[in-house]
Structure formats: structure tokens, C-alpha cells
Amino acid sequence: MKIRIGYGWDSHAFQSGVPLVIGGLAIEHPEGLAGHSDGDVLLHAITDALLGAVSAGDIGSFFPPGDPRWKGADSAIFLKLALDEIHTAGYKIANVDTTLVLAAPKISPIAGEIRERVASLLDIPAGDVSIKAKTPEGMGMDHVAQAHAVVLLERIEEDSSLRVMHAEIEETVTVGTDEIDEMLKEMSRGRKPAVKKPAFDTEDFT
Ligand code: MG
């Protein structure tokens, strides 16, 4: 399958004395979102959408709310794990669309900033991330923030040029096949390859 879709939803109640973090962005507001982690409702919804897209379970199956390790945790950790899951499954993000539902604070003035932050956490261009917001009219949910997220994934193609490069690298360097695979995977994602350095510099042994 060349493309897959994922959907995620989350909600957290507002609570005073807690910092407000949405989409990895700290926001000035008298109340924050209660939760075992940092309560980042948007990152939780995107994390679930990513995991759902590759049928890898949900955020609770990887990070049980009762586990003390995730008390007050930065939700970017959850998002990174979900990204690893989709990459391992052979997919990358095509685009992400989200809707926040909350009475306050107003999201439109900071939507651009949230978008930049989410895009940077996902390692994709801001143009592939959409942040929308609605107020919960008539729902009696003024003290709750909800987030909906839809992601589209596309298969990472290992094209023939990468296969040729693989053969060339194998001939000229002495690193293992797994490391070459990892370097090529990184390059195909448009990042600089993470070349593992030796644990020590042998020239230091003089
Ligand atoms: Mg949550």
C-alpha cells in the first residue's frame, strides 16, 4: 500500500496552577491542561493519528498513564516514538491536519507559531501542517480542550539511485550493512546522515 491514513482525538480539562502547552508551545494563560504528562492535547492527538496510520496501537499502549516515568513528561517524547514507528513501518508523513476545540485562549493569533513548532517536531515543512481551531459553541465544554488530528502517510520509496549508492558505499567504506542502510534511510528523508563516530580517536593513543 502506498498511502495510509490515521486519525487521533484527545481531550484534557483545564486546571489552574499548571502551565499551558499546546503543540509543544508554552502559552501564556491562567490555566493549563491537567494530565499525567504535560497535557499537550494536540501532540497526543497527532501521536495517536500517526500510530493509528500504521496500526501500531495508541499512545496509552506505549505510555501507560499510571507509569511514573511519564509524570509531567514532555509530549514531544511520545510524538518522536510515533515517528519512529511510522519510519520503521516504511512510511513518512505527507501532511497533517488538525482542529483544536476550546473556548480560550484564542488560537488564531498563535496558530502560525504552533504550526512551526509541530512541523519542526515532526521534521516536515510547515506547509505540510495545518492548525485550525473552533470554540465549543453550545457544548457546555468551556473548561475542556479537545484536539482532532488526521495524518496522511506515504510509503518511503527506496529508488534505484539509492540502491546504486548502497553498492558504491559498500565498496569504499568498512562500516556494516546496517549502518549503510541507516545512512541511506536518513538521506532519503532529506536529512544529513548521522555517521556514527568511533568511541575514541585512535590517534589519541600516542
Ligand atoms: Mg492526552
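Predicted model: local features only at pLDDT ≥ 70, side-chain atom pairs only at ≥ 80, totals over all residues.
A salt bridge here is a side-chain nitrogen of Lys or Arg within 4 Å of a carboxyl oxygen of Asp or Glu. Glu157 sits in the loop between β7 (144-155) and α5 (160-172), while Lys2 belongs to the segment before β1 (3-16), so the pair ties together parts that are 155 residues apart in sequence. Helices (H or I, at least four residues) and strands (E, at least two) are DSSP runs, numbered from the N terminus.

How open are the two partners? Glu157 is partly exposed at 46% relative accessibility, and Lys2 is exposed at 58%. Buried means under 20% relative accessible area, exposed means over 50%, and partly exposed lies in between (1.4 Å probe, protein chains only).

## The other salt bridges

How many salt bridges does the structure hold? There are three. One of them joins Lys132 to Asp97, with the closest N and O atoms 2.7 Å apart. Lys132 is in strand β6 (residues 129-134) and Asp97 in strand β5 (residues 91-101), so this pair links parts that are 35 residues apart in sequence. Lys132 is partly exposed at 34%, and Asp97 is partly exposed at 31%.

Asp67 also forms a salt bridge with Arg69, where the closest N and O atoms are 2.8 Å apart. Here Asp67 is buried at 16% relative accessibility, whereas Arg69 is exposed at 62%.

## The magnesium site

Now let us turn to the metal. Which residues coordinate the magnesium ion? Asp10 (OD), His12 (NE2) and His44 (ND1) do, at 2.1 to 2.2 Å. Donors are N, O and S atoms within 2.8 Å of the metal (3.2 Å for Na, K and Ca); water is not among the atoms, so sites may look incomplete.

Along the sequence, the donor residues follow the spacing D-x1-H-x31-H. Both Asp10 and His12 are buried.

## A negative patch

Glu158, Asp178, Glu179 and Asp181 form a negative surface patch. Patches are made of residues with over 30% relative accessible area and no salt bridge, with like charges joined within 9 Å and nonpolar side chains (Val, Leu, Ile, Met, Phe, Trp, Tyr) within 5 Å. Asp178 is found in helix α6 (residues 177-188) and is exposed, with a relative accessible area of 65%.

## How to read the values

Residues are numbered from 1 along each chain as its sequence is written, and side-chain values use heavy atoms, leaving out hydrogens and water. Local features need pLDDT of at least 70, and side-chain atom pairs count only at pLDDT 80 or more, while totals for chains, interfaces and linings use all residues.

How values were computed. Areas by Shrake-Rupley, 256 points an atom, 1.4 Å probe, with all protein chains shown as cover. Lys, Arg positive; Asp, Glu negative; His and termini not counted. Charge placed at Lys NZ, Arg CZ, Asp CG, Glu CD.
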